[in-house]
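The entries follow the order in which I took up each topic.

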Amino acid sequence: MRTLLLADIHSNFHALQAIDESYDRCIVLGDVVEYGTDPVRCVEWVRRHADYVIRGNHDHAVAQFIPSNTGGGFRRLAAATRPLHWEWLSDTQLRYLGRLPVTQYLDLEGLKTFLVHATPRDPLDEYLGADEATWRERLRGVEADLVLVGHTHQQFEIEVDGCRVVNPGSVGQPRDGDPRAAYAILEDGQITMKRVEYDVDASLDQMKSTDVDPWVIDLSAALWRSGGAMSKAELDQFV
């Protein structure tokens with residue numbers, strides 16, 4: 001079985017569409033929406049093609065109509081796009097996001113697999129990269145051979161006491177300095193990390209066709225072209 005692993009699409013349909021892989025099943029590890037401005041096509045793609053989907057923090061916030069916190073950088077970007085998502089997404093699409101499980105156990109190729117967007121301690125919000133010691137703490141009580149996560153927008157695979165923790169990276173908004181859409185393939189028990197170029201200009205043209213403020217377009221362009229390699233000061237300069 002060939003499994004396509006996706007995370008953090010963030011309403012960037014052109015990045016999602018660029019992934020041209022054959023697969024037997026598809027798993028989406030949360031955050032289908034926000035930041036970008038093409039949520040309808042992203043949600044519908046996931047509804048049609050994904051076999052298993054878990055809820056990310058942005059999916060949760062949009063579905064539950066949670067006002068965005070004020071602040072700079074990514075919070076400001078979420079605050080700018082979230083109200084538009086409420087206009088664009090249908091009641092059916094919002095219910096779909098709101099009913100996604102927060103965690104899920106699966107059997108994948110004989111591997112007991114645990115799906116969570118962030119961490120088992122805080123499934124929606126805790127940021128944790130490839131830190132083996134901290135993951136050892138977070139995996140206490142989790143009985144799994146394989147843990148699949150998203151949220152950090154960075155690809156990694158580590159082994160912690162016989163359990164593999166895998167993050168396929170972000171499809172729609174990478175933050176590791178590589179602007180290409182990130183994803184992974186699980187086949188015969190092996191993980192292959194992958195990247196693919198996508199048409200950033202097409203994503204920006206789609207964004208320009210909406211009612212977002214010009215700074216949203218400028219910030220999105222900087223993030224997409226740099227692969228998220230921006231300091232807090234650089235993020236906060238977009239107003």
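Entry 1, strands. I began with strand 6 (residues 146–148) and strand 8 (residues 163–168), which run parallel and are joined by three bridges. Here I took helices (H or I, at least four residues) and strands (E, at least two) as DSSP runs, numbered from the N terminus. I counted two strands as paired if DSSP finds at least two bridges between them. In strand 8, I found arginine 164 opposite leucine 146.

I note the basis of these entries: the model is predicted, local features need pLDDT of at least 70, side-chain atom pairs count only at pLDDT 80 or more, and totals for chains, interfaces and linings use all residues. Residues are numbered from 1 along each chain as its sequence is written, and side-chain values use heavy atoms, with hydrogens and water left out.

I read the strand order as 4-5-6-8-7 in an open sheet of five strands with mixed pairing. Strand 4 (103–108) and strand 7 (155–160) are at the edges with a single partner strand each, so one side of each has no neighbour in the sheet. Neighbouring strands of this sheet are turned against each other by 20° on average, direction ignored.

Strand 9 (residues 181–187) runs antiparallel to strand 10, and seven bridges join them. I noted glutamine 190 in strand 10 as the bridge partner of glutamate 187.

I found that the axes of helix 7 (residues 200–208) and helix 8 (residues 214–226) come within 10 Å and cross at roughly 165°. Helix 7 is therefore roughly antiparallel to helix 8. The axes are lines fitted to C-alpha atoms, for helices over the stretch in contact, with angles from 0 to 180 degrees between N-to-C directions. Angles under 35 degrees count as roughly parallel, over 145 as roughly antiparallel, 65 to 115 as roughly perpendicular and the rest as oblique.

I noted a volume of about 520 Å³ for the largest pocket. On a 1 Å grid over the protein atoms alone, a pocket is an open set of points with protein on both sides within 12 Å along at least five of seven lines, a cavity is a set where a 1.4 Å probe fits but cannot get out, and lining residues have an atom within 4 Å of a point. Points are joined across faces, edges and corners, and a volume is the space filled by probe spheres set on them. The pocket lining has 22 residues, with Tyr35, Asn57, His58, Asn69 and Arg75 nearest the centre. Helix 4 gives the most to this lining, five residues.

I counted two cavities of 30 Å³ or more. The largest cavity holds about 40 Å³ of space, and its lining includes Ser11, Phe13, Asp38 and Met207. Helix 7 gives the most to that lining, with three residues. The second largest cavity also holds about 40 Å³. Its lining includes Tyr35, Leu77 and Trp224, and helix 8 gives the most to it, with three residues.
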